[in-house]
Amino acid sequence: MSENATALVIDDEPQIRKLLQVLLEQENYRALESENGRQGIADVAQRRPDVVLLDLGLPDMDGLVVLERIRQWSQVPVLVLSVRDGPADKVAALDAGADDYVTKPFEATELLARLRAIQRRVHGEVEAARVEAGHLVIDFASHIVTVGGREVKLTSTEYALLKILALHAGKVVTQKQLLREVWGPNAEEQSQYLRVYMMHLRKKIELPGAAERLLKTESGIGYRLVVPTSTEARQS
Amino acid sequence: MTRSGNIDQNISRPGKFGLFGNSPNEFVLAVSLVALVTGASLPLETLIGYRAVALVYLLLVVMVGMTLRRGPVLLVAASSALAWNFFFIPTRFSLHIKGIEDLMMFGMFFVVAIAMGHLTSQLRSSELAERRRQQRSAALYELVQQAGLAPDLDGGLRAAITLTENLFGVRGALLLRHPDLTLAKHPHPASSFSLSEKEYGVAAWAFNHRMPAGKFTDNRPESEAAHLPLQVGSEALGVLSIFPSADMILGPAEIELLQTFAMLIGTILERDHLLQGVKQAEILNASERLQRALLQSVSHELKTPLSAVQVGIDALTKEIGKGGRSQTTLHEIQQALRRLNRVINNLLDMTRIESGVIHPKLDWCDVGDVIEAAKDLTADVMGSRKLEIALDRGLPMVRTDQALLEQCVSNLLLNAASNSGIRTVVKITARVVNDQLVVTVRDEGKGIAESELPHIFEAFYRGTEARPGGTGLGLAIVDGFIRALGGSVTVANSRATGVEFVITLPVETLRPDVLEKLA
């Protein structure tokens with residue numbers, strides 16, 4: 001991951017902007033600020049940040065609209081920061097093109113992990129031939145999945161599911177997206193398939209008694225392949 | 001049907017608009033008219049000759065045919081023929097006819113008179129029917145105009161009753177349906193009579209059977225009033241009762257029209273019910289939108305400063321580095337902040353429950369997954385307590401709101417953690433019995449005094465033994481969410497130690513193995 005990445009904070013609360021700037025600069029980001037949606041869109045276009053932290057409750061326009069405008073011409077990773085904590089709000093933001101969602105108030109470790117994950121995705125999609133998460137290693141070239149060094153046999157559906165989650169490692173993937181990409185556009189509502197295959201997948205790749213689950217359920221939203229901090233450290 | 005047979009023979013009294021009016025005995029009139037013409041023609045006969053008199057009789061038949069009914073007209077035709085024969089055709093004052101020519105004339109007169117009488121009366125009756133149809137639609141139109149378009153329901157019903165009374169010359173009353181679907185005992189205030197116990201019984205019969213009853217009908221005709229259900233579709237919204245004067249008779253046509261009236265009044269009532277429903281839904285919607293906006297802005301105002309403090313703590317923690325007293329201070333602030341955040345979340349959830357803006361989003365859930373997620377959420381509070389999870393073998397997937405259920409389970413876990421010592425066991429079980437998901441959470445704490453158990457789900461209720469730090473909202477939220485999902489939560493002291501909470505949720509279920517065969 002490149003150091004000194006530029007992060008743009010779009011938030012109307014000056015306190016939050018200022019404190020986030022301190023926090024981001026501690027982590028070697030170059031922090032930029034926009035205080036409303038209009039300015040935020042202009043800043044994304046002109047200053048080309050590497051990652052955007054977007055608040056949804058902006059004074060001039062809804063954050064979702066800002067997101068949709070940005071997505072018309074830019075694939076910059078966007079992390080939504082909002083006090084809206086309902087699953088429906090989160091799904092709406094993810095559907096509109098957000099890469100991940102953190103509810104306010106958030107703790108720094110969580111925020112920074114999400115930021116790293118969504119930046120990794122942009123590079124990861126083209127570069128990585130393998131993804132590691134704790135004891136799990138997925139090799140895309142050979143289609144081989146190992147858990148603690150031992151190869152596990154996955155069915156093609158299980159592999160397809162795991163691959164999508166691994167490509168977005170550390171980031172939440174909506175249930176709709178998983179269903180659409182694995183079972184096709186007509187299966188978006190067929191969550192029962194997803195539940196069954198996630199059950200199987202978990203049995204195969206999660207070690208019994210592990211402190212934290214690798215495949216984390218985000219209730220009402222989707223799933224996330226968790227990348228433990230130890231793995232992250234090793235990779236960077 | 002003797003009664004209606006009678007009415008066909010045209011006897012009832014004239015209605016207000018002459019709609020169903022019948023002359024008094026037309027047969028008497030018919031015979032008198034023939035007698036009159038005969039009397040008038042007797043002196044004329046010497047001037048015009050007896051054959052021209054036949055034309056006078058024919059004129060009478062035509063005129064009578066245009067005003068009277070068929071029976072009297074035919075009587076006029078026949079009696080004219082006989083009178084002409086008797087009084088004018090030679091030999092006069094006898095029915096005997098001398099000449100073959102006169103015999104022919106008489107025969108032809110007879111046929112022509114009967115035929116003309118028949119044709120003109122037919123013409124007239126079709127004209128009458130047409131007029132009746134017109135008047136009938138005029139009456140219905142008037143009802144729609146006056147009653148249907150009245151600005152309020154009471155005005156509409158008043159107009160409907162008045163119109164019915166004027167049109168049929170009766171007194172009218174309306175009994176409406178209660179919200180509990182029974183027929184009201186007391187008539188609508190616009191009614192002009194109230195029903196005796198006996199008549200109410202007949203009205204109730206009409207209401208329950210959705211059929212006309214009482215006087216002039218096939219059901220309980222001995223009653224004094226007629227009762228017509230206000231029927232819309234398969235529902236009766238009330239009864240229209242009419243009280244005729246003693247000598248009055250209404251025929252099937254009138255009863256049918258009254259039934260149409262009753263149906264129209266029913267439609268007016270239904271329209272009003274629908275309007276009320278729409279209005280209520282609109283009010284509900286508006287208040288829900290307001291509640292949501294309010295909740296959103298309160299939540300924004302509370303959480304924004306909280307976020308600022310949180311980011312500040314994190315930035316300071318990083319700056320100060322590990323160890324030292326400042327770090328300890330920061331840690332304490334962090335703990336307090338987490339607690340404050342939980343309190344705010346609980347308050348917001350409780351407000352959502354109480355303002356009824358919780359709309360569960362049902363989806364298939366793996367119950368094991370929900371419990372695992374709740375376990376992850378509460379890991380820091382559970383600390384060294386051991387969590388035992390016992391899921392029924394072959395537990396099916398259930399359809400419920402995963403996020404709500406997850407929060408309920410984690411609230412129960414938090415409650416268990418705050419009421420039991422470290423290194424105790426908290427046990428969760430889940431099974432499906434008769435399409436009901438049953439989730440139990442049991443701790444090994446001291447239990448709750450029996451007197452406190454009934455209050456434990458009340459908002460802000462805190463047990464006397466409760467440890468400091470709680471808000472008294474966690475269990476109330478569980479209760480609210482589970483209710484929103486259509487289920488219930490109960491609590492009891494378990495036999496050995498601690499308390500056991502039982503969540504029971506009616507759910508659709510799906511066995512994973514069934515699905516695998518399909519997939």
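Trainee: Which element of chain B has the lowest mean pLDDT, and which the highest?
Mentor: This is a predicted model, so start there. Among the elements of chain B, helix H1 (residues 2-8) has the lowest mean pLDDT, 35. E9(B) has the highest, 95.

Trainee: Over which residues of chain B is the pLDDT below 50?
Mentor: Residues 1-22. Beyond near neighbours in sequence, that stretch has 27 contacts in the model.

Trainee: And what does chain B average?
Mentor: A pLDDT of 84. In chain B, 93% of the residues score at least 70.

Trainee: What ipTM and pTM does the predictor give the complex?
Mentor: The ipTM is 0.86 and the pTM is 0.65.

Trainee: OK, the interface. How many residues of chain B are in contact with chain A?
Mentor: There are 32 on chain B, in contact with 26 residues of chain A.

Trainee: Which elements give two or more residues to that side of chain B?
Mentor: Helix H8 (252-320), strand E5 (363-365), helix H10 (367-382), helix H11 (402-419) and helix H13 (512-518), all of chain B. H8(B) gives the most, with 13 residues.

Trainee: Switching to sheets. What's the strand order in the five-stranded sheet of chain B?
Mentor: E6-E8-E9-E11-E10. The sheet is open, with mixed pairing. Strand E6 (386-391) and strand E10 (488-493) are the edges, each pairing on one side only. Neighbouring strands are turned by 15° against each other on average, direction ignored.

Trainee: How many bridges join E10(B) to E11(B)?
Mentor: Six, and the two strands run antiparallel. E11(B) covers residues 499-506. For one pair to look up, Ser488(B) has Thr504(B) as its bridge partner in E11(B).

Trainee: Which strands of that sheet does H11(B) touch?
Mentor: H11(B) packs on the sheet and touches strand E8 (425-433), strand E9 (436-442) and E11 of chain B. The direction of H11(B) makes about 20° with that of E9(B).

Trainee: And where does H12(B) lie?
Mentor: Helix H12 (residues 474-484) of chain B lies across E10 and E11 of chain B. H12(B) runs at about 140° to E10(B).

Trainee: What about the open sheet of three strands?
Mentor: Its order is E5-E7-E12 in chain B, with antiparallel pairing. E5 and strand E12 (509-510) of chain B are the edge strands. Two bridges join strand E7 (residues 397-400) of chain B to E12(B). Met397(B) stands opposite Leu510(B) in E12(B).

Trainee: Helix packing next. At what angle do H3(B) and H4(B) pack?
Mentor: About 165°, with their axes 9 Å apart. That makes H3(B) roughly antiparallel to H4(B). H3(B) spans residues 50-67 and H4(B) spans residues 70-88. H3(B) passes H4(B) in a right-handed crossing.

Trainee: Which residues make the contact?
Mentor: On H3(B), they include Tyr50(B), Val53(B), Tyr57(B) and Leu60(B). On H4(B), Val73(B), Val76(B), Trp84(B) and Phe88(B) are among them. By class, the contact has 13 nonpolar, two polar and no charged residues.

Trainee: Over to chain A. At what angle do H6(A) and H8(A) cross?
Mentor: Roughly 85°, and their axes come within 10 Å. H6(A) and H8(A) are therefore roughly perpendicular to each other.

Trainee: Which residues make that contact?
Mentor: Thr157(A), Glu158(A), Leu161(A) and Leu162(A) of H6(A). From H8(A), Tyr197(A), His200(A) and Leu201(A). The contact has four nonpolar, two polar and one charged residues.

Key. Residues are numbered from 1 along each chain as its sequence is written. Chains are lettered from A and ligands numbered from 1 in the order in which they are written. This is a predicted model: local features need pLDDT of at least 70, side-chain atom pairs count only at pLDDT 80 or more; totals for chains, interfaces and linings use all residues. Two residues are in contact if their C-beta atoms, placed from the backbone, lie within 7 Å. Helices (H or I, at least four residues) and strands (E, at least two) are DSSP runs, numbered from the N terminus. Axes are lines fitted to C-alpha atoms, for helices over the stretch in contact, and angles run from 0 to 180 degrees between N-to-C directions. Angles under 35 degrees count as roughly parallel, over 145 as roughly antiparallel, 65 to 115 as roughly perpendicular and the rest as oblique. A crossing is left-handed if the near helix is turned anticlockwise from the far one by less than a right angle, and right-handed if clockwise. Ala, Val, Leu, Ile, Met, Phe, Trp, Tyr, Cys and Pro count as nonpolar, Asp, Glu, Lys and Arg as charged, and the others, Gly among them, as polar. Two strands pair if DSSP finds at least two bridges between them. pLDDT is the predictor's confidence in each residue, from 0 to 100.
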